[in-house]
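Visitor: Hi, I've just opened this one and I'm new to it. Can you walk me through a few spots?
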Amino acid sequence: MGYIDLHLHTTASDGVKTPSEMVRYAKFKGLQAISITDHDTIGGLEEGLEEGKKIGFEVIPGIEISAEHSPGSMHLLGYFIEIDDSLLNERLRYLQKAREERNPKMVEKLNQLGVHITYEDVLRVSGGGQVGRPHFAQVLIEKKYVKNFQEAFDRYLKKGAPAYVDKLRFTPVEAIRFIREAKGVAVLGHPNTLGLNGYGELERLLIDLMKAGLKGIEVYYPEHSFFEIAQYKALAEKYGLVMTGGTDYHGIEKEDLDVGVGRGDMKLPYSIVEELKAVRTL
Ligand code: AMP
Ligand code: ZN
Ligand code: FE
Ligand code: FE
């Protein structure tokens with residue numbers, strides 16, 4: 001049995017490889033299957049699935065949805081979604097509209113801070129896909145306002161920084177609902193960004209999300225510590241959640257991170273895909 005990667009970004013959101021490039025690259029790396037999980041969009045899935053068919057490689061249609069949560073951020077992953085589901089498409093159009101309203105506001109805020117970039121600059125680096133903060137970061141680096149990605153986020157773009165503009169989100173329950181409506185399996189992405197205080201808080205959150213139909217938790221993730229992985233595993237076992245994993249490869253900034261292997265120590269067996277398939281119909 002081969003290995004997989006269930007968390008990847010393409011040019012449809014803020015990654016640098018096109019969906020076809022990603023699929024070819026994953027096959028070249030010797031993986032057995034991947035999922036493309038762009039932020040709030042399924043814009044890359046048709047191309048990715050098509051390429052998979054062409055070269056004989058399994059591509060699982062996926063998505064990563066940002067949900068309402070504080071103090072940290074909550075990302076919900078959806079696997080095996082049907083990309084022509086009408087409710088899903090309607091919800092995603094709404095999110096795209098929200099971004100179209102948000103992005104010019106971020107440009108405006110940057111301009112007020114003496115950072116002279118235009119929306120056209122951002123659109124240019126986004127390469128035609130959905131625009132997100134990493135594209136703003138790229139422009140800030142290009143125009144020498146910051147030295148690197150992290151500085152761009154820390155000084156300007158991260159939640160609470162002076163150029164940050166919040167975007168409209170669905171509640172976790174709404175997001176899980178429309179993932180399920182599209183016959184997808186809802187999984188809680190990288191729990192370490194939730195900003196929760198320990199096992200008990202995460203446990204309470206999981207119980208609520210499971211009531212809405214959550215079926216899995218992303219246990220294996222490059223930014224999770226051994227301690228966090230152990231915690232998430234214990235919770236997954238306690239509640240019968242599928243333990244998924246992925247690298248969250250974008251192809252920007254983190255040069256030591258690669259598809260399938262993360263920082264070299266990731267090995268996700270294909271059996272995870274089978275477990276996801278098994279809970280899909282529940
Ligand atoms: P957006 O979709 O515009 O909200 O941007 C979200 C993306 O920005 C995430 O997927 C990360 O790639 C990146 N990002 C968000 N917060 C940070 C941060 N504090 N430091 C570095 N990158 C970040
Ligand atoms: Zn991203
Ligand atoms: Fe995420
Ligand atoms: Fe991601």
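Visitor: What does the side chain of Arg 102 have to do with ligand 1?
Guide: This is a predicted model, and in it an N or O atom of the Arg 102 side chain sits 2.9 Å from an oxygen atom of ligand 1.

Visitor: And how far is Gln 150 from a nitrogen atom of ligand 1?
Guide: A polar atom in the Gln 150 side chain is 3.3 Å from that nitrogen. His 250 has a polar side-chain atom 3.5 Å from an oxygen atom of the ligand.

Visitor: How much of ligand 1's accessible area does the protein cover?
Guide: Taken on its own, ligand 1 has 500 Å² of accessible area, and the protein covers 77% of that.

Visitor: Which residues are around ligand 1?
Guide: Among them are Asp 14, His 39, Arg 99, Gly 132, Arg 133, Pro 134, Phe 153, Lys 158 and Lys 167.

Visitor: OK, helices now. At what angle do α5 and α6 cross?
Guide: Roughly 105°, and their axes come within 9 Å.

Visitor: Which residues make the contact?
Guide: From α5 you get Arg 133, Pro 134, Phe 136, Ala 137, Leu 140 and Ile 141. On the α6 side, Phe 149, Ala 152, Phe 153, Tyr 156 and Leu 157 take part. Arg 133, Pro 134 and Phe 153 are also on the list of residues around ligand 1.

Visitor: How do the residues in that contact divide by class?
Guide: There are 10 nonpolar and 1 charged, with no polar ones.

Visitor: What about α4 and α5, how do they pack?
Guide: Helix α4, residues 119–126, packs against α5, residues 133–142, at about 110°, with the axes 9 Å apart. So α4 is roughly perpendicular to α5. The contact includes Val 122 and Val 125 of α4, along with Phe 136 and Val 139 of α5.

Visitor: And the classes there?
Guide: That contact has 4 nonpolar, 3 polar and 3 charged residues.

Visitor: Changing topic: what kind of peptide bond joins Ser 70 and Pro 71?
Guide: A cis one, with omega about 10°. Pro 71 is in the loop between β3 and β4.

Visitor: Why bring that up?
Guide: Because most peptide bonds are trans, and most residues other than glycine have a negative phi.

Visitor: On phi, then: is Lys 144 positive or negative?
Guide: Positive, at about 60°, though Lys 144 isn't a glycine. You'll find Lys 144 in the loop between α5 and α6.

Key
Residues numbered from 1 in each chain as written. Chains lettered and ligands numbered in written order. Predicted model: local features only at pLDDT ≥ 70, side-chain atom pairs only at ≥ 80, totals over all residues. Heavy atoms only, no water. Axes fitted to C-alpha atoms, helices over the stretch in contact; angles between N-to-C directions. Helix = DSSP H or I, 4+ residues; strand = E, 2+ residues; numbered from the N terminus. Parallel < 35°, antiparallel > 145°, perpendicular 65-115°, else oblique. Contact = heavy atoms within 4.5 Å. Nonpolar A, V, L, I, M, F, W, Y, C, P; charged D, E, K, R; others polar. Near = heavy atom within 4 Å. Polar contact = N/O pair within 3.5 Å; in protein donor to acceptor, adjacent residues only side chain to side chain. Areas by Shrake-Rupley, 256 points an atom, 1.4 Å probe, with all protein chains shown as cover.
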